[in-house]
Amino acid sequence: MKLIHCADIHLDSALATSLTRQEARRRNDELFETFIKMMDYAQREKVRAVLVAGDLFDSENGREAVKKKVLEAVAAHPQVDFLVLSGNHDGEQLFNTVPDSGFNMTVNGNSLPKNLKLFPGAGKAYRYGNVVITGLNSLKLPSNLHLKPEDTNIVMMHGQAGDYACRTQAENISLNQLKNKNIDYLALGHVHTFMQDKLDNRGTWCYCGCLEGRGFDECGPKGFVLLDVDEQTCRAQMQFVQMAARTLY
């Protein structure tokens with residue numbers, strides 16, 4: 001089963017630091033085009049689901065026209081599920097003010113595409129055969145997180161990973177608390193650079209980085225991680241796929 005792990009797309013960014021309003025508008029169009037290019041790749045390569053590990057949007061007060069374009073793009077790729085976790089930028093209610101567009105599924109009174117999967121509470125999970133994808137909106141490990149050892153378990157989180165939790169950092173993720181929980185792949189968002197390492201004897205944690213650099217603090221190749229999950233062995237082959245329209249140096 002093929003999956004895509006992406007994060008920190010930051011659609012509808014202000015980009016006001018070093019760009020004029022016209023340049024920022026053009027660059028935002030490029031960011032959205034890269035997002036669509038990834039969706040097209042997923043459908044073409046028969047990817048079962050795209051996992052967005054937070055910060056799909058740059059702000060929880062983003063423009064409704066941009067959110068509507070995202071919903072239309074998701075609906076235009078019906079063979080692919082889009083599992084979207086909220087981040088520290090876009091807030092918990094990603095689509096709570098989108099007007100009805102005639103889609104089939106309703107969340108908070110709003111119609112959404114059937115292939116858009118959200119995580120309204122800590123520990124919400126979606127099952128694809130024996131692959132289980134769990135989203136943790138809260139950085140506090142829920143007491144009811146019981147992952148079956150016979151499943152291939154993917155957990156999505158958004159925050160800064162470290163060995164220990166820190167009370168002074170609201171976005172801190174304690175990797176030690178996630179060890180020996182039957183996690184095979186910990187899909188992380190928040191850090192805009194690709195990073196990966198062993199979580200424990202079974203699992204791996206990974207930051208996929210941002211989909212495209214928006215400033216000179218986000219240099220180098222950007223894109224997403226393609227996972228090819230072997231459901232029998234609970235192992236996933238990882239491949240970094242460069243997707244950005246521009247590479248910053």
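The model is predicted, so local features need pLDDT of at least 70, side-chain atom pairs count only at pLDDT 80 or more, and totals for chains, interfaces and linings use all residues. Residues are numbered from 1 along each chain as its sequence is written, and side-chain values use heavy atoms, with hydrogens and water left out.

Start with the cores. By nonpolar core I mean a set of buried Ala, Val, Leu, Ile, Met, Phe, Trp, Tyr and Cys residues joined through side-chain atoms within 4.5 Å. Buried is under 20% relative accessible area, exposed is over 50%, and partly exposed is in between, with a 1.4 Å probe and protein chains only. The largest nonpolar core has 33 residues. Those with the most contacts inside it are Ile4, Phe35, Leu56, Phe95 and Phe224. Which elements give two or more residues to this core? They are strands S1 (2-6), S2 (49-53), S3 (81-85), S6 (116-118) and S15 (223-230), plus helices H1 (21-44) and H2 (64-75). H1 gives the most, with six residues. Helices (H or I, at least four residues) and strands (E, at least two) are DSSP runs, numbered from the N terminus.

Now Leu56. Leaving out residues up to four places away in sequence, Leu56 touches Ile9, His10, Leu11, Phe35, Val70, Val84, Asp90 and Phe95. Contact means heavy atoms within 4.5 Å.

Next, the rings. There are five aromatic pairs in the structure. One of them is Phe119 with Tyr126, edge-to-face, at 5.5 Å centre to centre and 75° between the planes. Rings of Phe, Tyr and Trp (its six-membered ring) pair if their centres lie within 6.5 Å; planes under 30 degrees apart count as stacked, over 60 as edge-to-face, the rest as tilted. Phe119 and Tyr126 are both buried.

Two lysines sit over rings. Lys67 lies over the face of Phe57, at 5.7 Å from the ring centre. Lys69 lies over the face of Phe32, at 4.2 Å from the ring centre. The test is NZ of Lys or CZ of Arg within 6 Å of the ring centre and within 35 degrees of the ring normal.

Last, the backbone. His10 has phi near 55°, a positive value in a residue other than glycine. His10 is in the loop between S1 and H1. Is His10 buried or exposed? Buried, at 1% relative accessible area. Asn180 has phi near 60°, also positive and not a glycine. Asn180 is in the loop between S11 (172-174) and S12 (185-189). Asn180 counts as exposed, because its relative accessibility is 69%.
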